[in-house]
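I opened this model to go through its chains one at a time. My notes follow in the order I looked things up.

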Amino acid sequence: MSSNPAAVRRLGRFAVRAVLVLGGVVSLLPFLWMATAATHSTADLFHSPPPLLPGGQLLDNLARLQESIGFGRVLFNSLGIAVVHTAVSSLVSAMCGYGLAKYRFRGRGVLLAAVLATMMIPFQVLLVPLFQMMASLGWIDSYQAVILPFLANSFGILLMRQAFVGFTDELIESARIDGCGELRTFYRVVLPCVRPQLGALVTFTFTAAWNSFIWPLLMLNTEDKYTVPVALNTLTGLSRVDYSGLMLGSLLATLPLMALFLLFQRQFVAGLLSGAVKG
Amino acid sequence: MTAVNTHERSVAPACAPGTVRRPRRRGHLSGWIFAGPAAALFALFFAYPLGASLLQSFTTEDAGAVHWVGLDQYQRMLHDPAFIQSLLNTGLILVVQVPVMIGLALVLAALLNQSWLRFRGTWRALHFLPAVTTLVAYAVVFQVLLKTDNGLVNQILGAVGISPVDWLNDPTWARISLILTLTWRWTGYNAVILLAGLQSIGKEQYEAAALDGAGTFTTYTRVILPQLRPVILFCAVTSTIGTLQLFDENYVLTRGGPDNATLTPVVYLYKVGFQQFDFGYAAAIAWVVVALIAAISALQYLAFGRERRR
C-alpha cells in the first residue's frame, strides 16, 4: 500500500485536515448554538428539530434579561470591577517586578520567596479567613471587598520581573543622569519598553477578573451589585429557568473576552505561555 | 541605614564611564517604593489569612466561642462519606480526564505543527476558542446543551437512533458530562502550550529521524515526545492543580450532585463553610487540598521530570 508515496502523503494530509475540521466543529458548535439560542424563545430551543438559523426574539430576550436581573447594570458592574482590578493589579505587579529585578533591598529575598509561595498555595485556603475579615470590616456586599484581596498577583509579578531582569541598566542610568526621579524613570523610560509583556499581563489579569466567580459569589448579595458570572449562576437556580435569556447572557458574558482574544491574540497567548516556558 | 543610601543619588552622575553604578545597588528605600504596595497587599490578604486559616483548622466554633480541638477536624474527614466521595470524584477526573485531554492536546498540537498546513494561525485560534469563554458561561451553555428533554445533544443523538441520555441527573452520566465539559474547554488551551513546545524543536530533527528510516509515528514517540517532556509535565501539573481546585464548572453544572456524584473538595468546602458555617472544618478541608496539590505535583515531577534536559 505504500507503493505510491505521493498518494499516501495526500491521504495523510486529508486525514489531518479532517481531524482539524472535526475538532473545529466541536469547538465552534456550542458558540454557534449559544448565538442562535439567544435569538429564539425558550420554547423554540427545545423544539424538535432544534432551530438552526437566527430567530427574531433577540430584543425580547434582552428585555426579559434586563427585567429579571438588571443585566445592563450587571454588565456594567463586571466591566467596572474588571477594569479597576486590571489597572491597579497590573501597575502593582509591574512595580513589584521592577523592584525585585533592579534593586537590592533588605527583605527582597523574603518577598521573592513569598511571591513564589502564593503561586503554589491555592487561594481557596484563604476563603474562610478572608470572608471573616471582610465581614468584620463591614465590607460584605461592597466592591472593595471583591477587588482588594486579589490585587497582588504573583504570576504577574514574576512575569514582569522576568521582563525587567534583561532590561539594560544603561538606559535607567542615563535617565537618572538627566535628572529623572526613580518613579518617573519607571513610568517614562522603563515601562514603555516592556509593552509586549505588559500587554500579556493586562489581558491575563482582565480575563481572570472577568471570570472570577467564587469570591464575588461570596461577597455580593444584592442583585444590583452582581457581576456577570454571579448573575448567570442566579438565573440557573430559579424554579422556572429562562433558558433563552440565559443563553443571551452567556453570549454577552463571552463577547468581551472573545473580542480581547481576537484583538490581542499574540499577547493573550503569550500571557499563557510565559508560565509554560518557565515551567 | 536608608538615609545613607538615598544620598547615593547625587553621587551617581559623577561616576566615570565604565564604572557606572549598577542600579540594583541602590538603596532600600527606592526598592521598597516599588515593591511596597504588593508586599503590603500580600501581608494583609495572604500571609495573615493563611496563618488564620491554619489555626482555624485546629478549632471549632460553638455558639460564638472558639475551642481548640487539635486534629479532630482532620480526623472527621476520614469518616465523612461526602468528603471521601469528593476525593474519589477528583481521582476519577485525574485518572481519566487529564490523560485523555493531554493525549488529545498532543495530537492536536502535532497536527497544528504541520508546516504544509495553510492558515495555521486560524486553525490554532479556532481550537483555542473554547478557552476564551467565560468560565461560568460555558458551564451554563453545557447545562442547556445537555438538558435531558430535547436538549441539543440528545436531539443529535436521537437523529442517529440513540435514546435520550439523562446527562445531568444520573450519577454516572453526570460525571461523564463534567468530564466532557472540562475536556471541551481545556484541550485547545493545552494544545497551544504544547504547540509552542513543538515549535522550539528544530525541523532538522524530523529530517534526521526520517533519514534514519523512522516512520512518522516512531519519530514522534522516540524523538519528539522525549524532548517535549518538560512541557507535557507543565500541562499535567497545571491540569492536576486545576482539577484539585475545581469549583466553577461542577458548581454551575450540577451543584456537585446528583448524590454528590460531581462533588469536589472545593465545592464541599464551600458548602461546609458558607452554607453550614462550619469554618473550622472548612479550613481543615482546604489544608488537605493544599497538601494533596503539593504531594501530587511533587510525584509528577519525580516521575516525569527526572530525565529533563538542559
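**Chain B, overall**

I began with the secondary structure of chain B, which has 14 helices and two strands. The model is a predicted one, and I read every value below with that in mind. I then looked up burial. Of the 310 residues in chain B, 39% are buried. Among contacts in chain B with a separation of 6 or more, 68% join residues 24 or more positions apart.

Next I looked up the domain assignment. Chain B is given domain 1 (2-56) and domain 2 (75-304). Taken over C-alpha atoms, the centres of these two domains of chain B are 40 Å apart.

**Where chain B meets chain A**

I turned to the contact between the chains. Chain B puts in 78 residues and chain A puts in 81 residues. Which helix gives the largest share of the chain B side? I found helix α3 (residues 28-56) of chain B, with 19 residues.

**Helix α9 of chain B**

I picked out helix α9 (residues 171-199) of chain B for its span. The helix has 29 residues and reaches 42 Å from its first C-alpha to its last. That is close to the 42 Å expected at 1.5 Å a residue. I then looked for a bend. α9(B) has a kink of about 35 degrees, centred on B:Trp186.

**B:Met77**

I placed B:Met77 in helix α4 (residues 72-78) of chain B. Is B:Met77 buried, partly exposed or exposed? I counted it as partly exposed, because it has 18 C-beta neighbours inside 10 Å, while buried needs 20 or more and exposed 12 or fewer.

I listed its contacts, leaving aside neighbours within four places in sequence. B:Met77 touches B:Phe83, B:Ala284, B:Ile285 and B:Val288. I followed up on B:Ile285. B:Met77 and B:Ile285 are 208 residues apart along the chain, yet their C-alpha atoms are separated by 7.8 Å.

**Positive phi in two chain B loops**

I looked up two residues that have a positive phi and are not glycine. For B:Phe119, phi is about 55 degrees. B:Phe119 sits in the loop between α5 (81-112) and α6 (120-128) of chain B. B:Phe119 counts as exposed because it has 10 C-beta neighbours inside 10 Å.

For B:Asp259, phi is near 60 degrees. I found B:Asp259 in the loop between α12 (248-254) and α13 (265-274) of chain B. How many C-beta neighbours does B:Asp259 have inside 10 Å? I noted 12, so B:Asp259 counts as exposed too; the cut-off for exposed is 12 or fewer.

**Chain A, annotations**

I moved to chain A and checked the UniProt record, an unreviewed entry. The record lists "domain: ABC transmembrane type-1" at residues 75-264 of chain A. Over that range, chain A is 73% helix and 0% strand. The end C-alpha atoms of residues 75-264 are 22 Å apart.

Residues 198-218 of chain A are 90% helix and 0% strand, with end C-alpha atoms 30 Å apart. Residues 243-264 of chain A are 95% helix and 0% strand, and their end C-alpha atoms are 32 Å apart.

**Chain A, domains**

Nine residues of domain 1 of chain A are in contact with seven residues of domain 2 of chain A. On the domain 1 side, α1 (5-37) and α2 (42-45) of chain A are the elements that give two or more residues. The largest share, three residues, comes from α1(A). By class, I noted five nonpolar, four polar and no charged residues on that domain 1 side.

**A:Met133**

My last entry is A:Met133, in helix α6 (residues 127-136) of chain A. A:Met133 counts as partly exposed because it has 18 C-beta neighbours inside 10 Å. I also checked its distance to A:Ala145, 12 residues apart along the chain. The two C-alpha atoms are separated by 9.6 Å.

Terms used:
Residues are numbered from 1 along each chain as its sequence is written. Chains are lettered from A and ligands numbered from 1 in the order in which they are written. This is a predicted model: local features need pLDDT of at least 70, side-chain atom pairs count only at pLDDT 80 or more; totals for chains, interfaces and linings use all residues. UniProt positions are given in the numbering used here, feature names are shortened, and annotations may be inferred rather than shown by experiment. Helices (H or I, at least four residues) and strands (E, at least two) are DSSP runs, numbered from the N terminus. Two residues are in contact if their C-beta atoms, placed from the backbone, lie within 7 Å. Domain bounds come from an automatic or database domain assignment. The expected span of a helix is 1.5 Å times one less than its number of residues. The bend at a residue is the angle between axes fitted to the seven residues ending there and the seven starting there. Ala, Val, Leu, Ile, Met, Phe, Trp, Tyr, Cys and Pro count as nonpolar, Asp, Glu, Lys and Arg as charged, and the others, Gly among them, as polar.
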